[in-house]
Amino acid sequence: MNRLSACLATALAATCLTGPAFSNELREEALDVFKPLPSTTPAVSDNPITPEKIELGKALFFDPRMSASGVFSCNSCHNLATGGDDNLETSIGHGWQKGPRNSPTVLNSVFNAAQFWDGRAADLKAQAKGPVQASVEMANTPDNVVATLNSMPQYVEWFAAAFPDEDSPVTFDNFAKAIEAYEATLTTPAPFDAWLNGDDGAMSEEQVAGLQLFMESGCTACHYGINVGGHDYYPFGLIEKPGAEILPEGDKGRFAVTETVDDEYVFRAAPLRNIALTAPYFHSGKVWDLRTAVDIMAESQLGAELTDEEVAKIVAFLEALTGTMPEVTYPVLPPETSTTPRPSGEVDVN
């Protein structure tokens with residue numbers, strides 16, 4: 001469609017947004033599209049979550065010694081103090097190299113169908129292995145990670161407690177499983193969840209109007225489910241392809257994973273929870289303003305030209321997706337020993 005119809009705008013203006021009948025009807029429609037966050041830590045496949053595994057994963061998430069340089073941790077690019085990302089266009093890694101894509105938020109990432117913009121990691125434990133080994137990120141090796149962990153007796157004890165049925169629990173696989181267990185706890189219940197659960201006062205009238213507009217304009221074709229996105233893959237520029245400053249020609253998205261022509265410039269739909277905290281936007285990180293991002297999405301994916309008022313309503317709804325962070329206490333990490341591998345800032349130019 002080319003533009004949201006005048007009749008939709010008229011209908012929105014005429015609707016009584018405060019009436020209980022309207023709220024109940026819209027809520028029923030919304031529950032067909034979205035799901036509120038669960039009240040407990042979600043289960044993950046092939047990795048039972050225990051308190052011991054969570055605590056180990058938390059230490060590993062914050063430990064920069066898991067990188068070759070001893071500088072970068074998971075929290076470097078997924079900073080829990082700044083929305084679970086690093087608020088950079090693209091992340092800075094080993095040897096101050098600049099990565100190719102914007103860092104997605106780790107918050108609520110357990111609900112994504114797959115990880116990374118191109119979905120190349122099936123789950124969080126597969127994702128946890130990627131940055132550790134990437135030459136432009138942490139630039140380490142599985143063997144060196146395991147050697148580092150084995151050099152610190154407290155880590156050896158923590159792994160034994162987290163994986164009590166294994167004779168040699170300090171492995172790269174278990175390293176990734178522990179991080180996955182911790183990241184599964186990083187969920188952020190938001191006003192939208194309270195509203196979905198029946199609290200009419202959890203969202204403002206403008207936010208409710210924005211939700212209705214979000215649904216009726218077609219945004220939910222890509223942004224649906226518990227994470228309001230993150231569930232499937234779509235071409236960026238379905239109706240009108242953005243310019244190269246937003247959609248770089250050299251990054252063909254999921255094509256690099258599938259090598260299928262139809263997957264050129266196809267990316268996983270961004271999960272929208274906490275989107276107000278995670279600028280800049282898109283895989284290129286070129287857009288810093290949420291209103292601008294909404295405009296671009298409307299034009300490129302829906303062929304719609306939104307008014308300033310319509311954009312403001314949708315942004316208001318998106319702000320209702322900003323959730324409450326779990327309490328995070330910075331962990332005290334095990335001390336190094338004489339056998340701990342020394343950090344290296346050497347950059348592999350090959």
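Helices are DSSP runs of at least four residues, numbered from the N terminus. The structure treated in these exercises is a predicted model.

**Exercise 1. A charged surface patch**

Determine which residues form the negative surface patch, and which helix gives the largest share of the patch.

Solution. 
Step 1. The members of the negative patch are Glu25, Glu28, Glu29, Asp32 and Glu216.
Step 2. Helix H2, covering residues 20-31, supplies the largest share, 3 residues.
Step 3. Glu216 belongs to helix H10, which covers residues 205-216.
Step 4. A residue is buried under 20% relative accessible area, exposed over 50%, and partly exposed in between. Glu216 has 43% relative accessibility and therefore counts as partly exposed.

**Exercise 2. The surroundings of Val311**

State whether Val311 is buried or exposed, and list the residues with which Val311 is in contact, leaving aside its neighbours within four places in sequence.

Solution. 
Step 1. Locate the residue: Val311 is part of helix H13, residues 308-319.
Step 2. The relative accessible area of Val311 is 1%, so Val311 is buried.
Step 3. With neighbours within four places in sequence left aside, the contacts of Val311 are Arg291, Val294, Asp295 and Leu306.
Step 4. Consider also Leu213, which is 98 residues from Val311 along the chain; the C-alpha atoms of these two residues are separated by 9.4 Å.

**Exercise 3. Salt bridges of Lys125**

Identify the residues that form salt bridges with Lys125, and decide whether Glu180 is buried or exposed.

Solution. 
Step 1. One partner of Lys125 is Asp123, with the closest N and O atoms 3.3 Å apart. Asp123 and Lys125 are both buried.
Step 2. Glu180 also forms a salt bridge with Lys125, at 3.3 Å from N to O. This pair links distant parts of the chain, since Glu180 is in helix H8 (residues 172-183) and Lys125 is in helix H5 (residues 124-133), 55 residues apart.
Step 3. Glu180 has a relative accessible area of 2% and is therefore buried. Lys125 has 13% relative accessibility, so Lys125 counts as buried.

**Exercise 4. A salt bridge between a helix and a loop**

Explain why the salt bridge between Asp193 and Arg273 ties together parts that are apart in sequence.

Solution. 
Step 1. The closest N and O atoms of Asp193 and Arg273 are 2.8 Å apart.
Step 2. Asp193 is in helix H9 (residues 191-196), whereas Arg273 is in the loop between strand S2 (266-268) and helix H12 (290-302); the pair therefore ties together parts that are 80 residues apart in sequence.
Step 3. Asp193 is buried, because its relative accessible area is 4%. Arg273 is buried as well, with a relative accessible area of 2%.
Step 4. The whole structure contains 13 salt bridges.

**Exercise 5. Backbone geometry**

Find which peptide bond is cis between Ala279 and Pro280 or trans, and what phi values Phe116 and Tyr265 have.

Solution. 
Step 1. The bond from Ala279 to Pro280 is cis, with omega near 5°. Pro280 lies in the loop between S2 and H12.
Step 2. Phe116 has a positive phi, near 75°. Phe116 is in the loop between helix H4 (74-77) and H5, and counts as buried because its relative accessibility is 15%.
Step 3. Tyr265 has a positive phi, near 60°. Tyr265 is in the loop between helix H11 (255-258) and S2, and is buried, with a relative accessible area of 12%.

Key
Residues numbered from 1 in each chain as written. Predicted model: local features only at pLDDT ≥ 70, side-chain atom pairs only at ≥ 80, totals over all residues. Heavy atoms only, no water. Patch = residues over 30% accessible without salt bridge, like charges linked within 9 Å, V, L, I, M, F, W, Y side chains within 5 Å. Areas by Shrake-Rupley, 256 points an atom, 1.4 Å probe, with all protein chains shown as cover. Salt bridge = Lys/Arg side-chain N within 4 Å of Asp/Glu carboxyl O. Lys, Arg positive; Asp, Glu negative; His and termini not counted. Charge placed at Lys NZ, Arg CZ, Asp CG, Glu CD. Helix = DSSP H or I, 4+ residues; strand = E, 2+ residues; numbered from the N terminus. Buried < 20%, exposed > 50% of the residue type's maximum accessible area, 1.4 Å probe, protein only. Contact = heavy atoms within 4.5 Å.
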